[in-house]
Amino acid sequence: MSISRRTFLGQVAAGTLLSTASGGGAAAEHRIERLGVQLYTVRDLMEKDFEGTLAKVAALGYQEMEFAGYFNQTPKNVRAILDRNTLTAPSAHIDYPSLGEKLPQVIEASQIIGHRYLVNPWIDEEMRKQPDVWKRVAETFNRAGEATKKAGIQFAYHNHHFEFVPVNGTMPYDLLLKECDADLVKMELDLCWITVAGQDPLTYFSRYPGRFPLVHVKGLKKLPTGPAPVPFDQAIPNITDVGANDIIDWKRIFAQSEQAGIRHYFVEHDQPASPLDSLQASATYLRALRF
């Protein structure tokens, strides 16, 4: 007897539901659908050839760009280059001083380019030495987040490892998560740097579900030794391509992507010997990863 497409799909759906309810069937495997890159990785190449570098990154299979500077390109030029190369730029990094009077101009440029996230990636060392600085940072982030939200853009903060060293008994990262409004300020969790700090991302995913729509993905050869925070010049040489002599258990972490709220995965390498080769190696590993 012939069977209509609607009836067939209904029977398939019913069978799937029955299998799930009875505990039958294997768990679904997930993968990264759209691979992103933090363009700091290719900063030297972009300074010499902005569009050509983006085209080469796109040819490696990366679809989402996260900017860390525009190299004197206008917002309209950046958007046009992205469109020509069938790329999107969901996110960009902006420095802390730009969260003040410059923020309206930053937001305007971001809307032209198409950013949906603006991320502050760094608090200067001298500023970090000031008393109660992290509370003031949280207040600044909340104000920035309120302004960007009105423009349809989500504000976020990107960590390194120093945020996990207690100050007056409290980790700055924990203070930010507590003091920042959960709707106004999200986190871009650098999964390498939190590992360098000796912390487990899954602990934070469980404690603050949905707060981590963005992650940085880069490999780590070994944990550094010495008092925390380990100096950057000692930690950065241990960074490697994702999956290459890499101690980070990516499958374990990404299996909790839904709980964390991860929507964008940006590959990064701070000091690669060959930036494009590094991005190629990481992309090959991540495209094959199932979790």
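How many residues apart in helix H4 are Asp83 and Arg79? Four is the spacing to remember: the two are 4 residues apart in H4, which spans residues 75–84, so about one helical turn separates them. Asp83 is partly exposed, with a relative accessible area of 47%. Arg79 is partly exposed too, at 33%.

A word of caution before I go on. This is a predicted model.

Let's stay with salt bridges. The structure holds 9 of them. Take Arg252 and Asp200. Their closest N and O atoms are 2.6 Å apart. Where do these two residues lie? Arg252 lies in helix H12, residues 250–254. Asp200 lies in the loop between helix H9 (191–196) and helix H10 (201–207). The pair therefore ties together parts that are 52 residues apart in sequence. Arg252 is partly exposed, at 37% relative accessible area. Asp200 also counts as partly exposed, at 26%.

Next pair: Glu268 and Lys218. Their side chains form a salt bridge as well, at 3.1 Å from N to O. This pair links distant parts of the chain, 50 residues apart. Glu268 sits in the loop between strand E10 (264–267) and helix H14 (275–288). Lys218 sits in the loop between strand E7 (214–217) and strand E8 (219–220). Are Glu268 and Lys218 buried or exposed? Both are buried. Salt bridges with shared partners join Asp190, Lys218, Glu268 and Asp270 into one network.

Start with E7. Which way do its residues point? Leu214 and His216 point one way, Val215 and Val217 the other, and all are buried. Now look at what E7 pairs with. Strand E6, residues 185–190, pairs with E7 in the parallel sense over 3 bridges. Within that pairing, Asp190 has His216 of E7 as its bridge partner.

On to the empty space. Rolling a probe the size of a water molecule over the atoms shows where such space is left. How much space lies in the largest pocket? About 350 Å³. Its lining has 24 residues, and the closest to its centre are Tyr40, His93, Pro121, Trp122 and His160. By class, that lining has 11 nonpolar, 6 polar and 7 charged residues.

The second largest pocket holds about 280 Å³ of space. It is lined by 14 residues, with His30, Arg31, Ser257, Tyr265 and Phe291 the closest to its centre. Here the lining splits into 6 nonpolar, 2 polar and 6 charged residues.

Last topic: cysteines. A disulfide is a covalent bond between the sulfur atoms of two cysteines. How many disulfides does the count give here? The count comes to 0. Cys180 is buried, with a relative accessible area of 5%. Cys192 is buried too, at 0%.

To recap. The model is predicted.

Notes. Residues are numbered from 1 along each chain as its sequence is written. This is a predicted model: local features need pLDDT of at least 70, side-chain atom pairs count only at pLDDT 80 or more; totals for chains, interfaces and linings use all residues. Side-chain values use heavy atoms; hydrogens and water are left out. A disulfide is a pair of cysteine sulfur atoms within 2.5 Å. Buried means under 20% relative accessible area, exposed over 50%, partly exposed in between (1.4 Å probe, protein chains only). On a 1 Å grid over the protein atoms alone, a cavity is a set of points where a 1.4 Å probe fits but cannot get out, and a pocket is an open set with protein on both sides within 12 Å along at least five of seven lines; lining residues have an atom within 4 Å of a point. Grid points are joined across faces, edges and corners, and a volume is the space filled by probe spheres set on the points. Ala, Val, Leu, Ile, Met, Phe, Trp, Tyr, Cys and Pro count as nonpolar, Asp, Glu, Lys and Arg as charged, and the others, Gly among them, as polar. A salt bridge is a side-chain nitrogen of Lys or Arg within 4 Å of a carboxyl oxygen of Asp or Glu. Two strands pair if DSSP finds at least two bridges between them.
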